[in-house]
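Q: I am new to this protein and would like a close look at its inside. Please walk me through how that part is put together, and then at what lies around it.

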Amino acid sequence: FQVNLQAGTKTSSPSVRRRVHARKRTPATATTSSATRPVSSIVDIVPLTQEICEKVVRFSDKEQEEMTTLPRKDILAKYVSCNLLAAADICFATIFDWITTGGEDNVESGWTICVLSATLSWLDEFDSPSSLVQSWYRRGLVFPLYRSRKLVAKTHKAVCKMFSLGNHAVTAILLRARRILSGSDSRHYHNRLWVEPLLLWIQTLSHPIFTRVAQDIARSTPDMQKIGFDVLSCEEIAETLRKAAREEGSLPS
């Protein structure tokens, strides 16, 4: 997202100073920067889930080379359910970052992925799809820059779509997570602990397994009363304030 630093830059150019002063006198209703626009507009402008799926199922030459260079490891097959939910957790965090950055990761992408994924941030293990989805909504409403239930729900739907497509789509998302995390000095170890073993392991699974996981996750809904804070009351208050601001003309309709 574009960040406007011009107003905070010291300069001796009269034309720049005039533009800065004019911007300060401009009412808030005249323009809406990308940093202050409502979250609902981000949910509306992101690519559709189908467009994302069509993009990720095509592997580039670089991605194919990445797969051939992964270290071979033995994975304990008895934790199938736990491992699949861990892969879904990392996919959720990666897709959330993909949506909010418009597909162009930035310096905060590694932080976003790790903080949204309880698997990476806390080495958490999920015993059911419902507990996984509950974690998504709780973290998605607390940590990221854009905190919206609609945004989390859209990402939830995208994860289900990816798993319904099988291991190719899931592989593409995990490869993206691996590339982002490998560029961080403090987070690259997550690749060795989770991402790379999962990348190798999911190649051994059949398509019906991914379809079953997608269906289980799609059927799981969060209990907003157990999130840990009163989300519904906060949303009602925010909507009331938004309506009042629109009536006063301080927010665009």
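A: **A look inside**

The accessible surface of the protein comes to about 14600 Å², and 53% of that area belongs to carbon and sulfur atoms (Shrake-Rupley method, 1.4 Å probe; for residues, only the protein chains shown count as cover). This is a predicted model, in which local features need pLDDT of at least 70 and side-chain atom pairs pLDDT 80 or more, while totals for chains, interfaces and linings use all residues. Residues are numbered from 1 along each chain as its sequence is written, and side-chain values use heavy atoms, leaving out hydrogens and water.

Let us start with the overall plan. The protein has 13 helices and zero strands (DSSP runs numbered from the N terminus: H or I of at least four residues for helices, E of at least two for strands). Of its 253 residues, 43% count as buried (under 20% relative accessible area; exposed is over 50%, partly exposed in between; 1.4 Å probe, protein chains only). Among contacts (heavy atoms within 4.5 Å) between residues at least 6 apart in sequence, 74% join residues at least 24 apart.

Now to the inside itself. In soluble globular proteins, nonpolar side chains tend to be buried together. Here, the largest nonpolar core has 59 residues (buried Ala, Val, Leu, Ile, Met, Phe, Trp, Tyr and Cys joined through side-chain atoms within 4.5 Å). The residues with the most contacts inside this core are Ile-90, Trp-136, Phe-163, Leu-174, Leu-198 and Ile-217. Helix 5 gives the largest share, 13 residues.

If you leave aside its neighbours within four places in sequence, Leu-198 is in contact with Asn-83, Ala-86, Ala-87, Ile-90 and Leu-174. Two of these partners, Ile-90 and Leu-174, are themselves listed with Leu-198 among the residues with the most contacts inside the core.

Next, look at the rings. The model has three aromatic pairs (rings of Phe, Tyr and Trp, the last by its six-membered ring, with centres within 6.5 Å; planes under 30 degrees apart are stacked, over 60 edge-to-face, the rest tilted). One of them is the tilted pair of Phe-92 and Phe-96, at 6.2 Å centre to centre with 40° between the planes. These two residues sit four residues apart in helix 5, so about one helical turn separates them. Both Phe-92 and Phe-96 are buried.

The whole structure holds eight salt bridges (a Lys or Arg side-chain nitrogen within 4 Å of an Asp or Glu carboxyl oxygen). Among them, Asp-105 and Arg-176 meet at 3.8 Å, N to O. Asp-105 lies in the loop between helix 5 and helix 6 and Arg-176 in helix 10, so their bridge ties together parts that are 71 residues apart in sequence. Arg-176 is buried, with a relative accessible area of 11%, whereas Asp-105 is partly exposed at 31%. In another salt bridge, Arg-149 and Glu-235 meet at 2.6 Å, N to O. That pair links distant parts of the chain, with Arg-149 in helix 9 and Glu-235 in helix 13, 86 residues apart. Arg-149 is partly exposed at 29%, and Glu-235 is partly exposed at 30%. Glu-66, Arg-178 and Glu-196, for their part, are linked in a network of salt bridges.

One last stop is a loop. Leu-123, in the loop between helix 7 and helix 8, has a phi near 50°, a positive value in a residue other than glycine.
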